[in-house]
Amino acid sequence: MGAVERTVLTTGANSGIGLATAIEVARRGFVSVAGVRSPAKARSVTRAAKAAGVKVRTVMLDVTDAGDCKRVMTDLKPYGLVNNAGVPASGAIEDVGDDEARVAMETMVLGPMRLARLAIPHMRDQGGGRIVNISSIYGLMTTPLTGWYQASKHALEALSDALRVEIAADGIAVVLIEPGAFRSNIWETAGNDVQRRLDSEYFAAYRRLEEGIRVSQRLMGDPIEVARLIASVMSAKSPKSRYLVGYDARAIDIYAKLLPTGWRGSRSGSDAAVKGRWCHGRWCRTLGS
């Protein structure tokens with residue numbers, strides 16, 4: 001079967017890495033399908049694909065909806081699945097309620113595994129396939145104020161490693177992509193979350209985090225870098241199990257490995273590395289400020 005006949009489904013494909021990936025795999029000759037959650041987002045993807053000179057099909061897909069997932073996967077029978085859909089899930093552990101935590105885990109853990117479970121029989125029948133799970137450098141470490149996001153990425157890493165071994169004999173590769181900070185709408189959403197925390201004990205820390213995100217956005221990488229890597233994985237004979245992407249991801253990975261274990265939760269990450277940069281008062285005292 002030629003590559004031109006192979007379908008690749010990308011979830012969360014309306015912006016950032018997802019949109020860039022949907023366009024790039026189309027450029028490489030795959031049948032590209034973008035999973036989005038609204039007609040407005042579908043139109044946005046179609047316009048972007050047209051501007052890029054490629055064709056990308058859109059499907060309505062909420063990865064937290066089991067019925068949606070089954071319908072889409074039964075229709076597509078994809079060769080490649082890119083689990084990119086995500087939510088910022090920002091907030092101190094004390095501030096995040098069960099419903100918010102559940103959305104994070106449904107979107108970034110249960111959803112990807114549900115889609116993988118539905119895709120595997122089709123991939124096996126086709127003689128192989130690719131499941132690419134978009135993790136994060138924060139799937140390898142932890143910092144304050146985004147614990148649920150990081151917990152979901154840690155879980156995604158663990159499940160991907162188990163799944164990789166379980167289906168390797170079927171010719172299906174499971175690949176983790178671990179990006180640093182790349183431009184996406186998710187950062188704006190994370191910043192807006194601060195406004196919901198006006199009464200929080202941690203509000204000063206949220207404000208610092210919001211400022212840090214705003215300042216760093218202009219330094220974030222172009223998502224095309226990640227998209228090109230994902231497209232290459234789709235056609236690689238033997239892709240690696242995981243890929244760090246972005247200079248910041250590689251730097252943070254080295255930094256975290258060098259720190260003593262007891263310091264990693266409080267002083268890891270590019271912002272927290274600066275003493276007291278966005279820490280709450282109690283954390284600043286802990287760090288010796």
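A residue counts as buried when its relative accessible area is under 20%. The legends below describe a predicted model.

**Figure 1. Overview of the protein chain in the predicted model.** The chain has 289 residues, of which 52% count as buried. Its secondary structure comes to 11 helices and 7 strands. Among contacts between residues at least 6 apart in sequence, 71% join residues at least 24 apart.

**Figure 2. Asn-84 in the loop between strand S4 and helix H4.** Strand S4 covers residues 80-83, and Asn-84 lies in the loop between S4 and H4. The relative accessibility of Asn-84 is 15%, so Asn-84 counts as buried. Leaving aside residues up to four places away in sequence, Asn-84 touches Thr-10, Thr-11, Gly-12, Ile-17, Gly-18 and Ile-134.

**Figure 3. The open sheet of 7 strands.** The strand order is S3-S2-S1-S4-S5-S6-S7, and the pairing is parallel. Strand S3 (56-60) and strand S7 (242-245) stand at the edges. Each of these two has a single partner strand, so one side of S3 and one side of S7 are left without a neighbour in the sheet. On average, neighbouring strands are turned by 20 degrees against each other, direction ignored.

**Figure 4. Strand S1 between its neighbours S2 and S4.** Val-8 takes part on both sides: Ser-32 stands opposite Val-8 in S2, and Gly-80 is the bridge partner of Val-8 in S4. In strand S2 (residues 31-36), 5 of the 6 residues are buried, so S2 is largely enclosed by the rest of the structure.

Figure 5. H1 contributes Ile-17, Ala-20, Thr-21, Glu-24, Val-25 and Arg-27 to the contact, and H8 contributes Ile-224, Val-226, Ala-227, Arg-228, Ile-230 and Ala-231. By class, these residues are 8 nonpolar, 1 polar and 3 charged.

**Figure 6. Val-226 in helix H8.** Helix H8 spans residues 224-235 and includes Val-226. Val-226 has a relative accessible area of 0% and is therefore buried. Val-226 is one of the H8 residues in the contact with H1. Between Val-226 and Gly-18 there are 9.4 Å in space, C-alpha to C-alpha, although the two are 208 residues apart in sequence.

**Figure 7. Helix H4 against helix H5.** H4 covers residues 98-126 and H5 covers residues 147-167. Their axes come within 9 Å and cross at roughly 15 degrees. With this angle, H4 is roughly parallel to H5. The crossing of H4 past H5 is right-handed. On the H4 side the contact consists of Ala-101, Ala-104, Met-105, Met-108, Val-109, Pro-112, Met-113, Ala-116, Ile-120 and Arg-124. On the H5 side are Trp-148, Tyr-149, Ser-152, Lys-153, Ala-155, Leu-156, Leu-159, Ser-160, Leu-163 and Ile-167. The contact has 16 nonpolar, 2 polar and 2 charged residues.

**Figure 8. Helix H3 against helix H4.** The axes of H3 (residues 66-76) and H4 come within 10 Å and cross at roughly 25 degrees. H3 is thus roughly parallel to H4. H3 passes H4 in a right-handed crossing. Ala-66, Cys-69, Lys-70, Met-73 and Thr-74 of H3 meet Arg-114, Leu-115, Leu-118, Ala-119 and His-122 of H4. These residues divide into 6 nonpolar, 2 polar and 2 charged.

How values were computed:
Residues numbered from 1 in each chain as written. Predicted model: local features only at pLDDT ≥ 70, side-chain atom pairs only at ≥ 80, totals over all residues. Heavy atoms only, no water. Axes fitted to C-alpha atoms, helices over the stretch in contact; angles between N-to-C directions. Helix = DSSP H or I, 4+ residues; strand = E, 2+ residues; numbered from the N terminus. Parallel < 35°, antiparallel > 145°, perpendicular 65-115°, else oblique. Left-handed = near helix turned anticlockwise from the far one by under 90°. Contact = heavy atoms within 4.5 Å. Nonpolar A, V, L, I, M, F, W, Y, C, P; charged D, E, K, R; others polar. Buried < 20%, exposed > 50% of the residue type's maximum accessible area, 1.4 Å probe, protein only. Pairing = 2+ DSSP bridges.
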